[in-house]
Amino acid sequence: MENIKNYISIGVICEGGMASSAMGAAVLRKALNENGLGNIDVKAYPAGILNPGTCLVVCQKDYYVHIKDCLGETEVFLVENLLHKEDYKALIEKLKVHYQARK
């Protein structure tokens, strides 16, 4: 994730049933709120059903291989596990730096 844009919408995607993406979205949403980034919208999606307005997609590294072709130009942040708060730390730090620089 080299070029941070103005992320207003992040999609967390999983393999299908939406259980892990919904829980991962909740973990990310909480972490964003704790870091003063609660204005970023985070939604869960099953694979193949992504809102066209989504600025960034978060998915597990092992699943990315299966979906990378259907993401087009959407930027992707990869994690080991959607449910581990620590996996979002690098994303949150980059977002914090980006938004603080814009103030």
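Which residues have the most contacts inside the largest nonpolar core? They are Ile-10, Leu-28, Leu-32, Val-58 and Leu-95, in a core of 21 residues.

## About the model

This is a predicted model, in which local features need pLDDT of at least 70 and side-chain atom pairs count only at pLDDT 80 or more, while totals for chains, interfaces and linings use all residues. Residues are numbered from 1 along each chain as its sequence is written, and side-chain values use heavy atoms, with hydrogens and water left out.

## The nonpolar cores

A nonpolar core here is a set of buried Ala, Val, Leu, Ile, Met, Phe, Trp, Tyr and Cys residues joined through side-chain atoms within 4.5 Å. Buried means under 20% relative accessible area, exposed over 50%, and partly exposed in between (1.4 Å probe, protein chains only).

Back to the largest core, with its 21 residues: β1 (9–14), α1, β2 (41–46), β3 (56–60), β4 (75–79) and α3 (89–101) each supply at least two of its residues. There is also a second, separate core of eight residues, including Ile-13, Tyr-45, Ile-67 and Leu-71. Helices (H or I, at least four residues) and strands (E, at least two) are DSSP runs, numbered from the N terminus.

## The sheet and its helix

The four strands make an open sheet, ordered β2-β1-β3-β4, with parallel pairing. Two strands pair if DSSP finds at least two bridges between them. Because β2 and β4 stand at the edges with a single partner strand each, one side of each has no neighbour in the sheet. On average, neighbouring strands are turned by 25° against each other, direction ignored. For such angles, axes are lines fitted to C-alpha atoms, for helices over the stretch in contact, and values run from 0 to 180 degrees between N-to-C directions.

Five bridges join β3 and β4 in the parallel sense, and Leu-78 in β4 is the bridge partner of Cys-59. Helix α1 packs on the sheet, where it touches β1, β2 and β3, and its direction makes about 170° with that of β2.

## Ser-21 and the cysteines

Ser-21 lies in helix α1 (residues 19–34) and counts as buried because its relative accessibility is 0%. Leaving aside residues up to four places away in sequence, Ser-21 touches Val-12, Ile-13, Cys-14, Ala-44, Tyr-45 and Leu-82; contact means heavy atoms within 4.5 Å.

Cys-14 is buried too, at 6% relative accessibility, and Cys-59 is buried at 0%. With a disulfide taken as a pair of cysteine sulfur atoms within 2.5 Å, the count is zero. Cys-59 is in no disulfide, and its nearest cysteine sulfur, that of Cys-70, is 9.5 Å away.
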